[in-house]
Amino acid sequence: MAEARSLYRFNGIAHVVGNINEESTRCIYRVRRQQNMPLHDRIVPYLKRASLYHLARLNARWFWLDKTLVSAFIERWHPETHNFHMPFEECTITLQDVAYQLGLPVDGLPVSGCLTDFEMLMKEGKPAWEWFQELFGELPPQNKVKQYTVHFTWFHERFKVLPDDATKETVCIYARTYIMMLLSTQLFGDKSGNRVHIRWLPFVARLDDMGNYSWGWAALAWL
């Protein structure tokens with residue numbers, strides 16, 4: 001389907017590394033927007049089953065970011081070779097680093113941003129935005145949508161506070177929201193820094209299966 005092919009193209013969205021030398025501080029702050037979303041106790045089990053709970057805890061409450069140190073590493077990062085050029089020698093980020101520091105699984109099914117079987121994952125071949133509405137209960141306003149991305153603020157404003165009497169279905173919606181934002185703003189950030197791509201719909205549609213994917217490999221490949 002033409003829609004499925006277009007959904008998984010970047011459509012002009014650039015990788016954050018393209019601006020990292022010119023705007024290092026801006027890039028550091030942008031990838032940490034997830035901090036502003038409260039981690040409700042009732043969505044924690046879904047994050048644990050998705051093997052993303054440790055990643056979600058890397059925020060201001062549990063993790064201190066040394067912005068000066070990160071900026072120094074940014075200055076020595078060479079996108080062409082994917083290495084840090086240090087005074088003593090070159091070094092790079094390994095899969096072991098990703099697994100140990102981010103707590104992401106490195107075994108399991110591959111994570112792809114260009115799913116060739118997207119049509120099979122879509123229920124009855126429904127359009128992407130119709131499927132989005134089924135999973136989240138509503139559609140964002142048009143001024144919050146750009147191609148196949150939704151502005152961060154809509155998710156933040158709409159799903160920040162989980163009602164005390166929320167049903168299991170509502171909790172699932174909030175868990176999907178948190179995971180979508182976690183993936184788009186913290187694990188697979190792009191240059192925009194303020195948009196959530198809906199290419200993650202096939203994954204959040206099956207929350208119990210998310211832990212079967214190799215998120216560690218995908219994060220390293222994206223980096």
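Ring pairs join Trp-129, Phe-132, Phe-136, Tyr-148, Trp-154, Phe-155, Phe-159 and Tyr-174 into a cluster. The model is a predicted one. Its aromatic pairs number 21. Among them is the pair of Phe-188 and Trp-215, which is tilted. Phe-188 belongs to the loop between α10 and β6, and Trp-215 to helix α12 (residues 215–222), so this pair ties together parts 27 residues apart in sequence. The rings of Trp-200 and Phe-203 also form a tilted pair.

The geometry of these two pairs is as follows.

| Ring pair | Centre to centre | Angle between planes |
|---|---|---|
| Phe-188 and Trp-215 | 6.5 Å | 50° |
| Trp-200 and Phe-203 | 5.9 Å | 50° |

Phe-188 has a relative accessible area of 4% and is buried. Trp-215 is buried at 0% relative accessibility, Trp-200 at 4% and Phe-203 at 2%.

Met-181, in helix α10 (residues 168–187), is buried as well, at 0% relative accessibility. Its C-alpha atom is 9.8 Å from that of Trp-200, a residue 19 positions away along the chain.

Two arginines lie over ring faces. Arg-49 is placed over Tyr-46, 4.7 Å from the ring centre, and Arg-158 over Phe-159, at 4.8 Å from the ring centre.

The strands β4, β5 and β6 form, in that order, an open sheet with antiparallel pairing. β4 (145–146) and β6 (195–197) are at the edges with a single partner strand each, so one side of each has no neighbour in the sheet. Two bridges connect β4 with β5 (residues 149–151); Val-145 has Val-150 in β5 as its bridge partner. Helix α9 (residues 152–159) packs on the sheet and touches β5 and β6. The direction of α9 makes about 60° with that of β5.

Terms used: Residues numbered from 1 in each chain as written. Predicted model: local features only at pLDDT ≥ 70, side-chain atom pairs only at ≥ 80, totals over all residues. Heavy atoms only, no water. Pairing = 2+ DSSP bridges. Helix = DSSP H or I, 4+ residues; strand = E, 2+ residues; numbered from the N terminus. Contact = heavy atoms within 4.5 Å. Axes fitted to C-alpha atoms, helices over the stretch in contact; angles between N-to-C directions. Buried < 20%, exposed > 50% of the residue type's maximum accessible area, 1.4 Å probe, protein only. Phe/Tyr/Trp six-rings, centres within 6.5 Å; stacked < 30°, edge-to-face > 60°. Lys NZ or Arg CZ within 6 Å of the ring centre and 35° of its normal.
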